[in-house]
Amino acid sequence: MSDEIRRNMPLFSMGIVTDLTELSSRQVRYYEQQGLIRPVRTKGNQRLFSFNDVDRLLQIKSLMEKGVNIAGVKEMLREKDQQQAQEAQPEPQPQEVTKPDLSDAELHKLLKRQLSELGSRPNQSHLIRGELSRFFH
DNA sequence: GTTCTAACA
DNA sequence: TGTTAGCA
């Protein structure tokens, strides 16, 4: 798949990325430190982001807006990476009967864990609980 | 003019 | 996270 090489091709500067994602450069750099993205560096030490990097940043932004913290975002993307890694390698089982996107189940688990961390952030607790109600009806 | 790192009235 | 300082 030569499409992968295109998606991972370093093309965007910090300015383009902050424009595209509406995230601050501070946030983008911080997320890189957290290992959520790995933009390439130019000879002048400037970051060059790929389409995949931008895509991940948008996912991070989306999760953050829903009240998920960095730890939660890390786990979400980590699991997504695992799935991609498996899809990249031909599974020895050609007949995959049960292939749930377990996106909801994992999210449920993660959000449940988040519930215990809410004590440190009383500000958005009500907002988060509102989102959580969807899973605990 | 833009991006980078480090640090905090 | 914002923002500022001092470089490249």
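Contact here means heavy atoms within 4.5 Å. On that basis, residues 24 or more positions apart account for 60% of the contacts in chain A with a separation of 6 or more. The structure is a predicted model, in which local features need pLDDT of at least 70, side-chain atom pairs count only at pLDDT 80 or more, and totals for chains, interfaces and linings use all residues. Residues are numbered from 1 along each chain as its sequence is written, chains are lettered from A and ligands numbered from 1 in the order in which they are written, and side-chain values use heavy atoms, with hydrogens and water left out.

Chain A holds seven helices and two strands. Helices (H or I, at least four residues) and strands (E, at least two) are DSSP runs, numbered from the N terminus. Their order from the N terminus is α-α-α-β-β-α-α-α-α. The chain has 137 residues, and buried residues make up 30% of them. A residue is buried under 20% relative accessible area, exposed over 50%, and partly exposed in between (1.4 Å probe, protein chains only).

Helix α4 covers residues 51-65. Its 15 residues should span 21 Å at 1.5 Å a residue, and the end C-alpha atoms are 21 Å apart, which agrees. The expected span of a helix is 1.5 Å times one less than its number of residues. The buried residues in α4 are Asn 52, Asp 53, Val 54, Arg 56, Leu 57, Ile 60, Lys 61 and Leu 63. They pack against α1, α2, α3, β2 and α5. Gly 67 follows α4 and has a positive phi, near 95°.

Thr 21 sits in helix α2 (residues 14-21). Thr 21 counts as buried because its relative accessible area is 0%. Leaving aside neighbours within four places in sequence, Thr 21 is in contact with Val 54, Leu 57, Leu 58 and Lys 61. Thr 21 and Ile 60 are 39 residues apart in sequence, yet their C-alpha atoms are 9.9 Å apart in space. Phe 12 lies in the loop between α1 and α2. Residues up to four places away in sequence aside, Phe 12 touches Val 17, Arg 47, Leu 48, Phe 49, Ser 50, Phe 51 and Val 54.

Helix α5 covers residues 70-88. At 1.5 Å a residue, its 19 residues should span 27 Å; the end C-alpha atoms are 26 Å apart, which agrees. Gly 72, Val 73, Glu 75, Leu 77 and Glu 79 are the buried residues of α5. Ala 88 also belongs to helix α5. Ala 88 is exposed, with a relative accessible area of 59%. In sequence, Ala 88 and Met 1 are 87 residues apart; in space, the C-alpha to C-alpha distance is 9.8 Å.

Rolling a probe the size of a water molecule over the atoms shows where empty space is left. The second largest pocket holds about 480 Å³ of space. Of its 22 lining residues, the closest to the centre are Glu 4, Arg 7, Asn 8, Asn 52 and Gln 84. Helices α1 (2-7), α4 and α5 each give two or more residues to this lining. The largest share, six residues, comes from α5. By class, seven lining residues are nonpolar, five polar and ten charged. Ala, Val, Leu, Ile, Met, Phe, Trp, Tyr, Cys and Pro count as nonpolar, Asp, Glu, Lys and Arg as charged, and the others, Gly among them, as polar. A pocket is an open set of points on a 1 Å grid over the protein atoms alone, where a 1.4 Å probe fits, with protein on both sides within 12 Å along at least five of seven lines; lining residues have an atom within 4 Å of a point. Grid points are joined across faces, edges and corners, and a volume is the space filled by probe spheres set on the points.

Positive phi also occurs in loop residues other than glycine. Glu 22, in the loop between α2 and α3 (25-33), has phi near 65°. Glu 22 is exposed at 64% relative accessible area. Asn 45 lies between β1 (40-41) and β2 (47-48), with a positive phi of about 70°. Asn 45 is exposed at 52%.
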